[in-house]
Amino acid sequence: MTATASAVRTDDQIQRDVLDELSWDPRVLSTDIGVTVHDGVVTLTGQVDGAARRWAAVRGAQRVRGVRAVADDIEVTPVGPVPVTDGALAIAAGRALEWNSFVPAQRLDLTVANGWIMLRGEVEFGWQRRTAERELRRIRGVRGVTNLVEVRPPARPDADRTRRDVQRALLRGIGTERVTVEVHGDTVTLSGVVRSWWERDQADRVAWSAEGVCAVRNELLVGG
């Protein structure tokens, strides 16, 4: 669960808007998802047929104004005329990584059990780790992904330079100086307030793209 700044909207208003947003998004089977709201915290329940739909539902709820946090209680239950076996998922997952030119597939290993993918290995950049997980989450039949990939940069980052570079990239990308960037070793911490979940995601992406970064702590609040 990720906390955000509060907004002056009633829980009923937020619930209606979340339901409308899920119905609007063609990637989400909204009829299978329940939505409750308490003090701006949205809880999603129900069942979907894949991790991709679950992720789309969570992101849809996050897009609604006034949402402080999202609790994801959605269950993934793959359905279809032909069950997807773990062997078939392993083959599909391996090919998905191989076909992505930004992922060093030769340095990654994966195992599949009951539709859940366990990803291990090493990469040089944090964004490569995130890209690999995103590719796997999109595969039909995947119930979830545990990402144990380690980020091992070729060189230790210069903290002051990384902070300046991330700050400049944030200013270029989302045009705000309300984000504070701190760098300790190979970890970047983002704090402050942004105007939307989109800006929060962009800030996260920028921090992960910095050279030598192994971890990002995103403490940004979403507010006005």
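## A walk through the predicted model

Strand 4 (residues 108-113) and strand 5 (residues 116-123) pair in the antiparallel sense, joined over six bridges. Please keep in mind as you look around that this is a predicted model. Within the pairing, Val112 stands opposite Ile117 of strand 5. The hairpin made by strand 4 and strand 5 has two residues between the strands, and Asn114 takes a positive phi there, near 55 degrees.

### The aromatic residues

Next, the rings. The structure holds two aromatic pairs. One of them joins Phe102 and Trp127 in an edge-to-face arrangement, 6.2 Å centre to centre with 70 degrees between the planes. Phe102 belongs to the loop between helix 3 (86-99) and strand 4, while Trp127 belongs to helix 4 (residues 126-137), so this pair ties together parts that are 25 residues apart in sequence. Phe125 and Trp127 also pair: their ring planes are at 20 degrees, so this pair counts as stacked, and the centres are 5.8 Å apart. Phe102, Phe125 and Trp127 together form one aromatic cluster.

How accessible are these rings? The table gives the relative accessibility and the class of each residue.

| Residue | Relative accessibility | Class |
|---|---|---|
| Phe102 | 54% | exposed |
| Phe125 | 22% | partly exposed |
| Trp127 | 26% | partly exposed |

The cut-off explains the class of Phe102: exposed means over 50% relative accessible area, and Phe102 is at 54%.

Arg137 lies over the face of Trp55, at 4.5 Å from the ring centre.

### The nonpolar cores

Which residues have the most contacts inside the largest nonpolar core? They are Leu97, Leu108, Leu136, Leu170, Val181 and Leu190, in a core of 40 residues. Helix 6 gives the largest share, with five residues.

Setting aside neighbours within four places in sequence, Leu97 is in contact with Val103, Ala105, Leu108, Leu110, Leu119, Ala132 and Leu136. There is also a second, separate core, which has 19 residues, including Val28, Val42, Val58 and Ala61.

Three strands form an open sheet in the order 1-2-3, and their pairing is mixed. Strand 1 (33-38) and strand 3 (69-76) are at the edges with a single partner strand each, so each has one side left without a neighbour in the sheet. On average, and with direction ignored, neighbouring strands of this sheet are turned by 10 degrees against each other.

How many bridges join strand 1 and strand 2? Strand 1 and strand 2 (residues 41-48) are linked over six bridges, in the antiparallel sense. Val37 has Val42 in strand 2 as its bridge partner. Val42 is also among the residues of the second core.

Helix 1 (residues 11-24) lies across strand 1 and strand 2, and runs at about 155 degrees to strand 1. Helix 2 (residues 51-62) packs on the sheet, where it touches strand 1, strand 2 and strand 3. The direction of helix 2 makes about 160 degrees with that of strand 3.

Conventions. Residues numbered from 1 in each chain as written. Predicted model: local features only at pLDDT ≥ 70, side-chain atom pairs only at ≥ 80, totals over all residues. Heavy atoms only, no water. Pairing = 2+ DSSP bridges. Helix = DSSP H or I, 4+ residues; strand = E, 2+ residues; numbered from the N terminus. Phe/Tyr/Trp six-rings, centres within 6.5 Å; stacked < 30°, edge-to-face > 60°. Buried < 20%, exposed > 50% of the residue type's maximum accessible area, 1.4 Å probe, protein only. Lys NZ or Arg CZ within 6 Å of the ring centre and 35° of its normal. Core = buried A, V, L, I, M, F, W, Y, C linked by side-chain atoms within 4.5 Å. Contact = heavy atoms within 4.5 Å. Axes fitted to C-alpha atoms, helices over the stretch in contact; angles between N-to-C directions.
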